[in-house]
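This briefing is for a reader new to the structure. Please look through the sequence and the model before going on to the notes below.

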Amino acid sequence: MASHPDYVEYVVEQLRGAGSVRARKMFGEYGLFCDGTFFAVICDDQLFIKITPQGEAAFPDLPKAPSHEGASDSFVIEDVDDPTMAVELTRITCEALRKAASQKRRK
């Protein structure tokens, strides 16, 4: 089952507090980018945010599951109606991903 564009648009709007968030069709579903950093996917109208050590430290009790068969686990964001936690997790995740990419380039 593919995600509905209205749901994707709603999630993007809810996460705007984290930065410039946009969605792009990827792999038959949607990838999410914040300030150019790929940090999440929406599959079957469900938001999955990449797991980073910093995200796990900040939100250790969030549920985790793969977004699709064969994928690594991601944080499963069950409630996007109150974006406070999802916005903070998005900020933490994107900062960690940018830092990791910067360190890779230096090597």
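Does S74 count as buried or exposed, and at what relative accessibility? S74 counts as buried because its relative accessibility is 11%, where buried means under 20% relative accessible area, exposed means over 50%, and partly exposed lies in between (1.4 Å probe, protein chains only). The model is predicted: local features need pLDDT of at least 70 and side-chain atom pairs count only at pLDDT 80 or more, whereas totals for chains, interfaces and linings use all residues. Residues are numbered from 1 along each chain as its sequence is written, and side-chain values use heavy atoms, with hydrogens and water left out.

**Overall layout**

- The chain has three helices and six strands, where helices (H or I, at least four residues) and strands (E, at least two) are DSSP runs numbered from the N terminus.
- Read from the N terminus on, the order of elements is α-β-β-β-β-α-β-β-α.
- The radius of gyration of the chain is 13 Å, close to the 13 Å that the globule rule gives for 107 residues, so the chain is as compact as a globular protein of that length.
- That radius is taken over C-alpha atoms, and the globule rule is 2.2 Å times the number of residues to the power 0.38.
- Along the principal axes, the C-alpha atoms of the chain fill a box of roughly 40 × 25 × 25 Å.

**Contacts, surface and charge**

- Among contacts in the chain with a separation of 6 or more, 51% are between residues 24 or more positions apart; contact means heavy atoms within 4.5 Å.
- Of the 107 residues of the chain, 39% count as buried.
- The chain exposes about 6300 Å², and carbon and sulfur atoms supply 50% of this area; accessible areas come from the Shrake-Rupley method with a 1.4 Å probe, and for residues only the protein chains shown count as cover.
- The chain has 13 positive and 17 negative charges, and their mean positions are 15 Å apart.
- In this count Lys and Arg are positive and Asp and Glu negative, while His and the chain ends are not counted; the place of a charge is NZ of Lys, CZ of Arg, CG of Asp or CD of Glu.

**The largest nonpolar core**

- In soluble globular proteins, nonpolar side chains tend to be buried together.
- The largest nonpolar core holds 24 residues, and L15, L32, F39, L47, I49 and I77 touch the most other members.
- A nonpolar core is a set of buried Ala, Val, Leu, Ile, Met, Phe, Trp, Tyr and Cys residues joined through side-chain atoms within 4.5 Å.
- At least two residues of this core come from each of α1, β2 (29-34), β3 (37-43), β4 (46-49), β6 (73-77) and α3 (84-106).
- Helix α3 gives the largest share of this core, five residues.
- Apart from neighbours within four places in sequence, L15 is in contact with V21, L32, F39, L47, A86, V87 and T90.

**Residues in helices and strands**

- S74 is in strand β6, and, not counting residues up to four places away in sequence, S74 touches F48, I49, K50, I51, P63, K64 and A65.
- Y10 belongs to helix α1 (residues 5-14) and counts as partly exposed, at 33% relative accessibility.
- Not counting residues up to four places away in sequence, Y10 touches V80 and D81; the C-alpha atoms of Y10 and V80 are separated by 8.7 Å, although the two are 70 residues apart along the chain.
- R98 lies in helix α3 and is partly exposed, at 36% relative accessibility.
- Leaving aside neighbours within four places in sequence, R98 is in contact with C34, D35 and T37.
- R98 and M26 are 72 residues apart in sequence, and their C-alpha atoms are 21 Å apart in space.

**Residues in loops and at the start of the chain**

- A2 lies in the segment before α1 and is partly exposed, with a relative accessible area of 45%.
- Leaving aside neighbours within four places in sequence, A2 is in contact with G28, E29 and D44.
- F27 lies in the loop between β1 (21-26) and β2, and F27 is exposed, with a relative accessible area of 76%.
- Phi of F27 is near 55°, a positive value in a residue other than glycine.
- D45, in the loop between β3 and β4, also has a positive phi, near 55°, and is a residue other than glycine.
- H68 is in the loop between β5 (64-66) and β6 and is partly exposed, with a relative accessible area of 47%.
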